[in-house]
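Could you look at the open spaces in this protein with me? Here are my notes, written for someone new to structures.

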Amino acid sequence: MTLPLPPMPRNVGSVNWIGLWTLYAREVRRFVKVHQQTVWAPVVTTLLFYAVFALSLGSAVRMVGETPYLQFLAPGLIMMAMVQNAFANTSSSIVIAKVQGNIVDILMPPLSPMELVSGFVFGGVTRGIVVGLVTGLAIWAVIPMQMPHPGFVLFHAVMASMLLSLLGLVGGVWSEKFDNIAAVTNFVVTPLSFLSGTFYSVETLPPFFWWIAHFDPFFYMIDGFRYGFIGTSDGSRWLGVIVMLGVNAGLWWLAWRMFKTGYKLKA
């Protein structure tokens with residue numbers, strides 16, 4: 001799959017649009033070329049998770065509030081697939097370039113630190129959205145879901161994919177080898193994902209863990225995304241919007257600063 005260059009001048013103001021588009025297109029082609037691994041494999045994994053929970057319930061009809069558990073579970077699984085793949089896209093791109101020694105090919109073109117961050121991040125966001133869309137359609141075929149608040153679904157899908165793309169970019173720049181980025185996945189991304197209410201309502205947690213969950217930004221991305229599908233949430237919806245915007249702004253600044261200073265990128 002080849003993404004054509006848009007009909008625009010090389011520079012508009014201070015932005016190298018063709019360079020930015022080229023980097024973005026490169027990041028998209030990276031995962032599209034191996035779509036069996038980057039798109040279809042996460043969909044199958046998510047469906048297996050869903051099947052395990054459905055079979056474990058058997059004929060029992062478990063409810064979370066007024067929502068059947070399987071309908072409550074579906075948005076969390078979709079979000080988990082999205083953010084894991086958004087993280088994988090940016091982190092793998094940077095770490096592979098550093099390990100193979102061709103990171104210079106990314107740093108030498110006339111792209112500013114902001115353009116570099118934007119190209120990588122929006123490539124990761126695209127992969128997250130594509131995986132989320134395909135996964136959602138696959139689950140929808142099994143159990144039809146409503147979407148009473150599509151604006152919340154779209155906002156949290158984009159913001160969550162952006163957050164994990166930024167986290168993957170920051171982790172990839174920090175990492176010197178694959179073991180380092182694996183540590184970020186195992187000790188940061190996975191715990192925050194599983195402690196965020198993906199599989200359960202945080203309202204069932206003891207007070208101590210309830211407070212921990214509300215300091216987890218992953219909780220707000222899943223809670224807001226789930227609200228768009230089932231119409232109820234465990235936390236403040238608008239606080240979640242503020243948290244998502246604030247965390248993304250902080251991570252974006254950190255990623256920009258890393259490229260600006262050449263942290264672990266330039267000799």
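This is a predicted model: local features need pLDDT of at least 70, side-chain atom pairs count only at pLDDT 80 or more; totals for chains, interfaces and linings use all residues.

1. Residues are numbered from 1 along each chain as its sequence is written, and side-chain values use heavy atoms, with hydrogens and water left out.

2. Start with the largest pocket, which holds about 450 Å³ of space. (On a 1 Å grid over the protein atoms alone, a pocket is an open set of points where a 1.4 Å probe fits, with protein on both sides within 12 Å along at least five of seven lines; lining residues have an atom within 4 Å of a point. Points are joined across faces, edges and corners, and the volume is the space filled by probe spheres set on them.) It is lined by 20 residues, and Q84, N85, A88, N89 and R127 are the closest to its centre.

3. Which elements give two or more residues to this lining? They are α1 (17-33), α2 (35-57), α3 (69-100) and α7 (178-194). Helices here are DSSP runs (H or I, at least four residues), numbered from the N terminus. The largest share, 8 residues, comes from α3.

4. By class, the lining of the largest pocket has 9 nonpolar, 9 polar and 2 charged residues. (Ala, Val, Leu, Ile, Met, Phe, Trp, Tyr, Cys and Pro count as nonpolar, Asp, Glu, Lys and Arg as charged, and the others, Gly among them, as polar.)

5. Now find the second largest pocket, with about 240 Å³ of space. Among its 15 lining residues, G132, L133, V153, F225 and F229 are the closest to the centre. The largest share of this lining, 6 residues, comes from α5. The lining divides into 13 nonpolar, 2 polar and no charged residues.
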